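Please read each answer against the coordinates.

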Amino acid sequence: MSEPKDQQQQPRAVEGRQARLLEAQKTVNGILLGKDQQVRLSFCCLLSRGHLLIEDVPGVGKTTLANAVARVIGIDYQRIQFTSDLLPADILGVSIYKRNREEFEFHPGPIFSQIILVDEINRATPKTQSALLEGMAENQVTIENTTHPLPQPFFVVATQNPLDLVGTFPLPESQLDRFLLSIALGYPDPIAERELLTTEERSRMLDKTTPLLTSDDIKALQNDCEAVHVSDDLLDYVQALLKETRDDRWFETGLSPRAGLYLLRASRAHAFLEDRSYVIPEDVKIIFPGLARHRLTPSSGFAQSPDEQIAELLEQVPIR
Amino acid sequence: MATNQKATFWMIATLSVAMAPQLFRMPVPVVIMALLPLLWRIAAEIRGWKTLPALIRHGLTAIALLTLYFSHEQIGGRRAAVSLLTVMLTLKLIESYRIRDARLIVSFSLFLCATQFMFTQDILMPLYGAVTVILALVTLTHLHRNEAYIAFDKTPAISASLFSELGFSLRLLMLAIPIGLSFFLFFPRWATPLWGIPEATLDSKSGLSDSMSPGSIQNLFMDDSPAFRVKFQGIIPRSSELYWRGPVLWNFDGKTWHGNLFSVDLEPEPRPDESKAVWKYTVQLEPNERHWLFSLDYPATTPFNSRITSDFQILRRQPVTQLLQYSIASDPTFVDSPKLADNLKMAALDLPRGSNPKTRKLIERWKREGLDGPALVDRVLVYFNQEPFHYSLESPLLGSNSVDEFLFDTLTGYCEHYASAFTVMMRMADIPSRIVTGYQGGWYSGMGDYLLVRQSDAHAWSEVWFRDRGWIRVDPTAAVSPLRIARGSLGALSAPRHLFDYSWLRGLRNGVDIVQQRWNDWVIKFNAESQMRIFSSIGLEQMTPPMLVISLFVVIGLFSLLLLPFIFRVKGPSRKDPLRAVWLKFLKRLKAAGFEAIPSTGPSELAQAAARHLPQDSQAIYQVADLYSRSRYSATPPPLRELKEAIRKFHPRKKHRLR
């Protein structure tokens, strides 16, 4: 007879978690001024068990965003600065022979954290990149025939400087696909910038930030998101979008079915963040650019950037 | 804006179909010049060749113009003009890579298609024209869609199949039918064509001419096309009486017969009495670009715009360039010229000096036997009948003493030879005589109730003159081959020599002609008079051209009004999707209030934009959008009636601008 009770309690629990989640989002917005949209997308990414790629020039707050998210959700946080001489072992960890115990002991690397900020991911060699990316895909790492599961939730935020290409190893498309969303922060608007210049330093604000969520909360919220309803009409729309990207008049290659799954997952998270129990096309439209921009290369002959192309594509697909 | 390959082939196909019938009317070098660029373009498209350098293209154009000039010997006139248009269009093909060019070519192909009607009014041409127009419309549709894709760098996900384009074109054509009909009925028509075709530019292709030399009629025997059609009122003459009089030839130079200038300038004196004319009939003459109107002997009335010469040729002032209908009455009992002027008598006896000595000897022998006048005529006819003369279309070419050769060597020929020989023999016997060319007989269509005379019914016969009895028709061919008169030219031949000689095909051909006759009656012949008749039958007696034009626009306007609801329909509400139907109603109301929805916006996005536009109605807008959004996307949609109710109550006020 405990079941009805459970059902009654659950909504309240959900409400509590959700309220704290929204509070957390608000806090991050307070630190990273004028970037509500990007912050929301970061949370969508976290809630849909994806990983986030931030592409922008230095100094616009990439690290601050990652830091702030890590702080408010109160989970284990590590930052790895990728350099060209970084080795896979520097991320994954090493087994060291313990003479006294006459065995190898595994020393886990920084990847064994719940949230990882990878700075300048394109600076490391492909070998090191793939070590990280494998972990992102499988949620586990295999070192010397031993498989080590990664902590849950596991959320990677990687940054990449799109302009500085000297001595970098750009991620191949297959690896870019591991990132659910890619966002650009851009310069703050004048009001936000004035506030940024006059109020207290961001790093001090970060220090003062207290966690609002636990890792259990995150896991529960991730499960809550999956319960968001998706109607047939919405699936029609998602499929129309995917089909349109596959038309070679827009992009060289279209979105994969996996990307479609990601799109749906992140759209659910977005609807959840909006406190809605069903996904509407507007959710999809907000998620879509972030999901598509690092996966699609415009067909040759277009002078437009991928972002402009994607915006136009969205205008072409009618919503019933 | 380049065309894609599919569009290119559509364009080429349209042009090819439009120009195909014209090719048969062009001189061979011009045909080659027209086909060369077309074939090059097809090959270039298949093989992926590059554009020709400008120098070669200009060179080709120059060559084409020179070819045109030398083949037509003039730049001007319908044929040359159509050739010019055709060649220029195919030349344009080799440099047409843009949609604009393709559209130009297709439009001009339509124009080219319309030029057909300057040459033929055959029933099949409108059908062929319709095919061309549909093809051109499909191409234009295709080009238009193509352009829509390219011009805005965006591609709506429409996979347009051939059938959808064809369907669309047919729909457009259907819409055009009432407008076309209105123009047909209402457009002011003049008794004469709006623009005259300069006479010098006419290039007669078929029919009889004002001269006759061996072989000139023979060519006509192979031409199965209709010459004219006749409807009789009352008495229908017997087949042996059906001598359709055309050019009358007087002058003989030993080989060729020509018309006489005196006789053409004179008026007939006396003239047949109209009250005695028993044969009354209406002739529908196919355009032949000549002046002669054909009649049975002897025309008592003069058709409009024409005159009758002293040898009873009817000459029209302008050549017949379009289907011409005239009514005429003939008096078969009339006596033509009981007295003959001296100069005409001289002309009717004139022969080249010293020619055909054998024939002369034969005539002199008969004269010595005491034969003269009518008796000699009979003797010559008997001679034709009893000597082994042979009626054949395949006769050997004759030299300078053509009559001698014919009478004593070959003995093979057809009406021309017999008429020519007979007339020469008569002149040798000092009997004035002349040759009349025209048509003999015809095919009587019981179903169509008219007589069809074909070019192959062309015939030549003689007339001899006796004091007080006037000119008398003598047909020496009838003496040799009575079947020629009884059954028609081809019936006289032993074996079929033409595809249409087979009787069943001939029957088919005659059946098609009945349709053509109806087409002529109802469509081609429709002129100012028939137009007035139609309007007076519904009580509109005096329709002036301006009134006609006004009525035309009124009718087209009314027709457009009928179409209005279809034009302003937002998009057909689907019966399968009642939700959408209700939502479209909402969008329509918004549109009426001045807010137009973009199809790619979701309901709540749309509500935000609409609320900004119509702030005083924002609450209602949000409510409807929310209901719709929930109905469509949520797990527990509200009942449809709620949405319906909300939309029913929704009456946005139009936004008032401050001035």
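This is a predicted model: local features need pLDDT of at least 70, side-chain atom pairs count only at pLDDT 80 or more; totals for chains, interfaces and linings use all residues.

**Chain contact and local features**

Q: Which element gives the largest share of the side of chain B that touches chain A?
A: Two helices of chain B, H21 (603-613) and H22 (618-633), are the elements that give two or more residues to the side touching chain A. The largest share is six residues, and it comes from H22(B).

Q: How many charged residues are on the side of chain B that touches chain A?
A: Chain B brings 24 residues to the contact and chain A brings 23. By class, the chain B side has nine nonpolar residues and seven polar ones, and the charged residues number eight.

Q: What area do chain B and chain A bury between them?
A: Interface size is often expressed as the accessible area lost when the parts come together. Between chain B and chain A, 49% of the buried area is on carbon and sulfur atoms, and the total is about 2100 Å².

Q: How many residue pairs are in polar contact between chain B and chain A?
A: The count of salt bridges between chain B and chain A is two. For polar contacts, both residues must be at pLDDT 80 or more, and the count of pairs is eight.

Q: How many residues apart in sequence are the parts tied together by Arg40(A) and Glu274(A)?
A: The whole structure has 34 salt bridges over all chains. One of them joins Arg40(A) and Glu274(A), with the closest N and O atoms 3.0 Å apart. Arg40(A) lies in helix H2 (36-47) and Glu274(A) in the loop between helices H11 (257-273) and H12 (281-292) of chain A, so the separation of the parts tied together is 234 residues.

Q: What is omega for the cis peptide bond that joins Asp297(B) and Tyr298(B)?
A: Tyr298(B) is in the loop between strands E6 (292-293) and E7 (306-308) of chain B. The bond joining Asp297(B) to Tyr298(B) is cis, with omega about -15 degrees.

Q: What is the area of the nonpolar surface patch that includes Leu558(B)?
A: Leu558(B) is in helix H19 (545-567) of chain B. Together with Ile550(B), Val554(B), Leu561(B) and Leu564(B), Leu558(B) makes a nonpolar surface patch of about 470 Å².

Note on methods. Residues are numbered from 1 along each chain as its sequence is written. Chains are lettered from A and ligands numbered from 1 in the order in which they are written. Side-chain values use heavy atoms; hydrogens and water are left out. Contact means heavy atoms within 4.5 Å. Buried area is the accessible area (1.4 Å probe) that two parts lose on being put together, summed over both. A salt bridge is a side-chain nitrogen of Lys or Arg within 4 Å of a carboxyl oxygen of Asp or Glu. A polar contact is a pair of N or O atoms within 3.5 Å; within protein, one must be able to donate a hydrogen and the other to accept it, and residues adjacent in sequence count only if both atoms are side-chain atoms. Helices (H or I, at least four residues) and strands (E, at least two) are DSSP runs, numbered from the N terminus. Ala, Val, Leu, Ile, Met, Phe, Trp, Tyr, Cys and Pro count as nonpolar, Asp, Glu, Lys and Arg as charged, and the others, Gly among them, as polar. Patches are made of residues with over 30% relative accessible area and no salt bridge: like charges are joined within 9 Å, nonpolar side chains (Val, Leu, Ile, Met, Phe, Trp, Tyr) within 5 Å. Accessible areas come from the Shrake-Rupley method with a 1.4 Å probe; for residues, only the protein chains shown count as cover.
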